[in-house]
Amino acid sequence: MSSRRTRGRRRLLVFAAGGGMLALAFVVGLVDLAPATSADSDLAAALVELAVEQRSPNTVSGVLFDLRATDTLGEALALFAASAGLQLVLRELPGEQRRSEPRSGAPGREAPPTSDAVRAAALALVVPTAVFAVYVTFRGHLGLGGGLQAGALAVTALALVFLAGRYRAQRHFAPDRQLDILEAVSLGGYVVVGLAGLVVAGAFLANVLPLGVLGELVSSGTILALSLLVAIEAGAAVLLIVAEVQEEPLEREEPG
């Protein structure tokens, strides 16, 4: 009993030390935090000037895919790592078998069938959502939208297919093997664009593609290219994560 109390006190001391250091770092960070900028501040003006210089009316995309393009690459890598890690953890084990028909519930639980109203509403929203995803994908450098939002919308379109009770159809439109390829190629393409900037302009992810005319569909150079690649990468990564989570209870039989 005394040994257990000793371990508990040690854990409490370690937690207190770690928590105290975290709180101190948080306070120091708040003290040194720069004041919030207003729309007419020098920083805001510089960001707008940068976006216009790169022929992108969307200042946010100008920041994400030009000024902070390396940081966006890190975010894409984090999604890639999450997808790969989940596939590794939930991979098919020796002895596991796939069911001939997916089961729509956990063992011992009878899931209620999807109502006709939900099926109809979900199916009616699939096409508009998919079209809007394409629109947002190609409008990211011009207005509201961009790679990550477009990828999330593409996932939503396929989630609606699943909500309508079409699990097989969802897997048919988004097979794992093709998603794996899309995710790897898009992430690799992002790095290739970055290396092209390094070779041509001497800076990784420098905007070296033709900038075009401000406001036109094909413009802003690498901002458009990187936004498209991130849309594909984010959509494929999230779909793979969703597919793995769905597959575990729906398709696999426990080893007998």
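**Figure 1. The largest nonpolar core of the predicted model has 12 residues.** Its members are Phe-65, Ala-69, Leu-73, Ala-76, Leu-187, Tyr-190, Val-193, Leu-205, Ile-223, Leu-226, Leu-229 and Val-230. A nonpolar core is a set of buried Ala, Val, Leu, Ile, Met, Phe, Trp, Tyr and Cys residues joined through side-chain atoms within 4.5 Å; buried denotes under 20% relative accessible area (1.4 Å probe, protein chains only). Helices α4, α8 and α9 (222-251) each supply at least two residues of this core, and the largest share, 4 residues, comes from α9. A second, separate core of 7 residues includes Leu-158, Ala-174, Leu-239 and Leu-240. The model is predicted, with local features requiring pLDDT of at least 70 and side-chain atom pairs pLDDT 80 or more, while totals for chains, interfaces and linings use all residues. Residues are numbered from 1 along each chain as its sequence is written, and side-chain values use heavy atoms, with hydrogens and water left out.

**Figure 2. Surroundings of Ala-69.** Not counting residues up to four places away in sequence, Ala-69 touches Val-63, Leu-64, Tyr-190, Leu-205 and Leu-226. Contact here means heavy atoms within 4.5 Å.

**Figure 3. Packing of helix α4 (residues 69-89) with helix α8 (residues 176-201).** The two axes lie 11 Å apart at an angle of about 155°, so α4 is roughly antiparallel to α8 (angles over 145 degrees). Axes are lines fitted to C-alpha atoms over the stretch in contact, and angles run from 0 to 180 degrees between N-to-C directions. The crossing of α4 and α8 is left-handed, that is, the near helix is turned anticlockwise from the far one by less than a right angle. From α4, Ala-69, Thr-72, Leu-73, Ala-76, Leu-77, Leu-79, Phe-80, Ser-83 and Gln-87 meet Asp-180, Glu-183, Leu-187, Tyr-190 and Val-191 of α8. By class, this contact of α4 with α8 has 9 nonpolar, 3 polar and 2 charged residues (nonpolar: Ala, Val, Leu, Ile, Met, Phe, Trp, Tyr, Cys and Pro; charged: Asp, Glu, Lys and Arg; polar: the others, Gly among them).

**Figure 4. Crossing of helix α2 (residues 42-53) and helix α3 (residues 59-67).** The axes come within 9 Å and cross at roughly 80°, which means that α2 is roughly perpendicular to α3 (65 to 115 degrees). Leu-47, Val-48, Leu-50 and Ala-51 of α2 make the contact with Thr-59, Gly-62, Val-63, Asp-66 and Leu-67 of α3. The contact of α2 with α3 comprises 6 nonpolar, 2 polar and 1 charged residues. Helices (H or I, at least four residues) are DSSP runs, numbered from the N terminus.

Definitions and conventions:
Parallel < 35°, antiparallel > 145°, perpendicular 65-115°, else oblique. Buried < 20%, exposed > 50% of the residue type's maximum accessible area, 1.4 Å probe, protein only.
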